[in-house]
Amino acid sequence: MSGPRAIPVRARPRSTARRIGVRVAGGLFVLWAVATITFFVIRLIPGDPAAAILGGPGSQASEAALAAVREEYGLDLPVWQQYLLALGRMATLDFGTSYALRQPVAEVIGAQLPGTFLLAMLALIVAWVVAVALALFSTLGAGDTSRGVGRAAAAVGGSLETVAAALPHFWLAAVLVVVFSSWLR
């Protein structure tokens, strides 16, 4: 009778490296798919992008200004060339210039990163505190079955967990923005 064969030590790094490679490739595929869908959906929006850059249809931009913007942003090229240029800029992390702020997009994003990081960390801390409090409420009350507190605590905790899992995060984020910015100032 023989036991299970041991996996050679050398085979593990290859499988780990392969898993990492698959994850990286999957991430790159998602980035490409999002960029491609975004590129073509933006092209489906009615109207002239050059007019939008210059302030919209009501800006009454001259034909010379429209032609200059089309040339500057490559809008005078065929769509397939625009697409390849956009992918090339993304691959080199060149996100271009913000139309509204007239600043490089990377600088605009970089200026917002500290506040975003702080908000994410505070949200994570609040989520941990709420999760631990609910877990303690559910488990500590579970031992007291004489008055039904344990069942009620478990029911409340389970209901809150189900509601939290079912809520769309983008909707919850919009509601929290309204609550904290408008109602709580």
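What follows is a friendly chat about a predicted model of one protein chain.

Reader: Hi! What does the secondary structure of the chain come to?
Author: Hello! This is a predicted model, and its chain has seven helices and zero strands. Along the sequence that reads α-α-α-α-α-α-α.

Reader: And what share of the 185 residues counts as buried?
Author: Of the 185 residues, 11% count as buried.

Reader: Thanks. What about contacts between residues 24 or more positions apart?
Author: Taking the contacts with a separation of 6 or more, residues 24 or more positions apart account for 33% of them.

Reader: Switching to helix α7: what should its 15 residues span, and how far apart are its end C-alpha atoms?
Author: Helix α7 covers residues 169-183, and at 1.5 Å a residue it should span 21 Å. The end C-alpha atoms are 20 Å apart, so the two values agree.

Reader: Which residue just after α7 takes a positive phi?
Author: That is R185, with a phi of about 50 degrees.

Reader: Now rings. How many aromatic pairs does a search of the whole structure find?
Author: The search finds four aromatic pairs. One of them joins F29 and W32, with 5.7 Å centre to centre and 40 degrees between the planes, which makes the pair tilted.

Reader: Where do F29 and W32 sit in helix α1?
Author: Helix α1 runs over residues 11-44, and F29 and W32 are three residues apart in it, so about one helical turn separates them.

Reader: Is F29 buried or exposed?
Author: F29 is exposed, at a relative accessible area of 51%.

Reader: Nice. What is the geometry of the F39 and F40 pair?
Author: F39 and F40 form an edge-to-face pair, with 5.0 Å centre to centre and 90 degrees between the planes.

Reader: Why does F39 count as buried?
Author: Buried means under 20% relative accessible area, and F39 has 8% relative accessibility, so F39 counts as buried. F40, on the other hand, is partly exposed with a relative accessible area of 36%.

Reader: Last one: which residues do ring pairs link into a cluster?
Author: The cluster consists of F39, F40 and Y83, linked by ring pairs.

Methods. Residues are numbered from 1 along each chain as its sequence is written. This is a predicted model: local features need pLDDT of at least 70, side-chain atom pairs count only at pLDDT 80 or more; totals for chains, interfaces and linings use all residues. Side-chain values use heavy atoms; hydrogens and water are left out. Helices (H or I, at least four residues) and strands (E, at least two) are DSSP runs, numbered from the N terminus. Buried means under 20% relative accessible area, exposed over 50%, partly exposed in between (1.4 Å probe, protein chains only). Contact means heavy atoms within 4.5 Å. The expected span of a helix is 1.5 Å times one less than its number of residues. Rings of Phe, Tyr and Trp (its six-membered ring) pair if their centres lie within 6.5 Å; planes under 30 degrees apart count as stacked, over 60 as edge-to-face and the rest as tilted.
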